[in-house]
Amino acid sequence: MVHQVLYRALVSTKWLAESIRTGKLGPGLRVLDASWYSPGTREARKEYLERHVPGASFFDIEECRDTASPYEMMLPSEAGFAEYVGRLGISNHTHVVVYDGEHLGSFYAPRVWWMFRVFGHRTVSVLNGGFRNWLKEGHPVTSEPSRPEPAVFKATLDRSLLKTYEQVLENLESKRFQLVDSRSQGRFLGTEPEPDAVERFLYSLFWTPTAALQGEAGRGLDSGHIRGAVNMPFMDFLTEDGFEKGPEELRALFQTKKVDLSQPLIATCRKGVTACHVALAAYLCGKPDVAVYDGSWSEWFRRAPPESRVSQGKSEKA
């Protein structure tokens, strides 16, 4: 195996606070609040406007996605991503630090970390401990919106970090990749429902009128998993205090599940979000090449042959 020097995937709250205090924010360092919450719960943009890390811009994951897709959080095009992050003052020479306001410490930030990486940008880090610990440690906040000078960003899709439905379907027979599902055990097994599944899907249709033309309207989402997948709930990668566990603990988690980090690996979940926690955890163990199945269970449930779906729930006939 060829060892490469990996860019730091995590930065500490102390490091970021010192960088802000010493005036390092600017074209070379940008901070993004990537919070997102289920409709009807918390309002991410409203909370950002009330308080955020000084200098941070709001990264709207609802806006920076493929709005023509019937599936929930599919990647935008190269041009779409480049235009969006360029408006946030990010160039190919910017170190990007991402956080979110999830009480767990981190939820959507690893997704945005992966999005930058899949579009060819390596100088991106997650704020370890998230906004939760930023507040707990008493670091400064502001309600002042960030107005960065627009920059030019060139996005180049790294297809090695992305898997499609067709590739995962082929993998059922070839078994060239290990497949890890990051959802909770109950959702993985099919014994617990997918949260806000129907509501979220209809919400997606509201924003994607072309989806109805693709025969997806009104169909709910049962829980279960792709045949052959191993379950590693993403919350296991985080400490009770909301920090990422250390490499030794993370390696032990993979070993316990008999996931070989020296071999190819695909991460999946409900909509390609918490799967990025698997990619981040593996990266921290020295494995930077985990691919994410972007459509994940949201797409698989609606497209895959019934025999490829596994569920202990009564509603799934696979």
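This is a predicted model: local features need pLDDT of at least 70, side-chain atom pairs count only at pLDDT 80 or more; totals for chains, interfaces and linings use all residues.
View 1. Residues are numbered from 1 along each chain as its sequence is written, and side-chain values use heavy atoms, with hydrogens and water left out. Helices (H or I, at least four residues) and strands (E, at least two) are DSSP runs, numbered from the N terminus. Of the 318 residues, 54% count as buried; buried means under 20% relative accessible area, exposed over 50%, and partly exposed in between, with a 1.4 Å probe and protein chains only. A contact means heavy atoms within 4.5 Å. Among the contacts in the chain with a separation of 6 or more, 81% come from residues 24 or more positions apart.

**View 2. An open sheet of 5 strands in the order E1-E5-E4-E2-E3.** The pairing here is parallel, and two strands pair if DSSP finds at least two bridges between them. Strand E1 (10-11) and E3 sit at the edges with a single partner strand each, so one side of each has no neighbour in the sheet. E1 is joined to strand E5 (residues 124-127) by 2 bridges, and Leu10 faces Val126 of E5. Look next for H4, which lies across strand E2 (29-33), strand E4 (95-99) and E5 and runs at about 175° to E5. For such angles, axes are lines fitted to C-alpha atoms, for helices over the stretch in contact, and angles run from 0 to 180 degrees between N-to-C directions.

View 3. Just past the end of H3, Gly89 has a positive phi of about 80°.

**View 4. A second open sheet, ordered E6-E11-E10-E7-E9.** Its 5 strands pair in parallel. The edges belong to strand E6 (162-163) and strand E9 (230-231), each with a single partner strand, so one side of each is left without a neighbour in the sheet. Strand E10 (residues 265-268) and strand E11 (residues 291-293) run parallel, joined by 2 bridges, and Ala267 is opposite Val292 in E11. Helix H10 (residues 275-284) lies across strand E7 (178-181), E10 and E11, at about 145° to E10.

**View 5. Lys287, in the loop between H10 and E11.** Is this lysine, Lys287, buried or exposed? Lys287 is buried, because its relative accessible area is 7%. Leaving aside neighbours within four places in sequence, Lys287 is in contact with Leu261, Ser262, Gln263, Pro264, Leu265, Ala279 and Ala282. For Pro264, the C-alpha to C-alpha distance to Lys287 is 9.6 Å, across 23 residues in sequence.

**View 6. The largest pocket, with a volume of about 450 Å³.** Of its 22 lining residues, the closest to the centre are Ser38, Phe107, Arg187, Pro195 and Lys271. On a 1 Å grid over the protein atoms alone, a pocket is an open set of points where a 1.4 Å probe fits, with protein on both sides within 12 Å along at least five of seven lines, and lining residues have an atom within 4 Å of a point. The lining has 9 nonpolar, 6 polar and 7 charged residues. Arg187 belongs to helix H7 (residues 185-189) and counts as buried because its relative accessibility is 17%. Beyond neighbours within four places in sequence, Arg187 is in contact with Glu192, Pro193, Glu194, Pro195, Ser223, Gly224 and Arg270.

**View 7. Two positive phi angles, at Lys175 and Ser296.** Most residues other than glycine have a negative phi. Lys175, not a glycine, has a positive phi of about 50°; Lys175 is in the loop between helix H6 (165-174) and E7 and is exposed, at 61% relative accessibility. Ser296 also has a positive phi of about 50°, but lies in helix H11 (residues 296-303) and is buried, with a relative accessible area of 0%.

How values were computed:
Grid points are joined across faces, edges and corners, and a volume is the space filled by probe spheres set on the points. Ala, Val, Leu, Ile, Met, Phe, Trp, Tyr, Cys and Pro count as nonpolar, Asp, Glu, Lys and Arg as charged, and the others, Gly among them, as polar.
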